[in-house]
Amino acid sequence: MGLRVFNSAKSSNPNYWVSLRIENAGLGDLSEGDDGLVVITDMPEQVMQAVSSSWEQRLPSDIANLMGKLPVVGPGVQTLIQASGINPTFQIGTYQTWQSSSPMEFPLTLLFDAKSDAKKEVYDPINALTTYAQPSTNATGVSSSVANALLSLGGNVLFAPGPNNINRDKYSVKLRVGRLYYIADGILVNLQGAFDSKLDKKGYPIAGQVEISIRTGMVYSRSDWIKATSFSPDGFSNTGE
């Protein structure tokens, strides 16, 4: 089938495009096989990104508990302090220590409007993205020995709807938002699609939208983010690369 490209962007300027490229998307469950898909839409009015960090207090700061560790008089002093209700603490013990950071997440609203063919410009791209978000019964990206061992257990075996630890690059979502950033190792973690109730004469919706969240496949460092937001002066291809 080859690479399937759905370009629903009204703008001819790729700097205003959002493109999602999924190579080896694993949609062979429902078709004759595919090399992946590219979905291109106009950039939404707002483009957001999010990252969070976990910080915790690692040093003891509760004076009552610290006093309680002293020999002989410690427990009595601890009881007296706790009974007073003052509960004093050492400020230096409240310093926050970094524990970890989250992968980055990119929530996007993708809008689809029919210009000439509602099926190709609205229904098909939304359906393709929704299909990709589901786990697969096709062992794409899994070694044959592992797949055969799992399938021998009987019943339907579900495989990850995206990259695994063996083939992370090959099955990742590649997200480009204009010239703002390019994420090469994305994971589709959330998708909500909606179709307009207005239909064309063939029965397909003339408009629709997808609320989608793409997450980086690992925690980014500062240099990873600088790389993701650094572009050469080269343009874009017609497949959103």
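Guide: Let's begin at Trp 225, which is partly exposed with a relative accessible area of 25% (buried means under 20%, exposed over 50% and partly exposed in between, using a 1.4 Å probe and protein chains only). Please keep in mind that this is a predicted model, where local features need pLDDT of at least 70 and side-chain atom pairs count only at pLDDT 80 or more, while totals for chains, interfaces and linings use all residues. Residues are numbered from 1 along each chain as its sequence is written, and side-chain values use heavy atoms, with hydrogens and water left out.

Now to the pairs: the structure holds five aromatic ones (rings of Phe, Tyr and Trp, the last by its six-membered ring, pair if their centres lie within 6.5 Å; planes under 30 degrees apart count as stacked, over 60 as edge-to-face and the rest as tilted). One of them joins Tyr 123 and Tyr 204, with centres 5.4 Å apart and planes at 50°, so this pair is tilted. Tyr 123 belongs to helix 3 (residues 118-132) and Tyr 204 to the loop between strand 8 (181-195) and strand 9 (207-216), so the contact ties together parts 81 residues apart in sequence. Those helices (H or I, at least four residues) and strands (E, at least two) are DSSP runs, numbered from the N terminus. Tyr 123 is partly exposed at 29%, and Tyr 204 is partly exposed too, at 24%.

Back to Trp 225: its ring forms a tilted pair with Tyr 181, 5.8 Å centre to centre and 45° between the planes. Tyr 181 is buried, with a relative accessible area of 2%.
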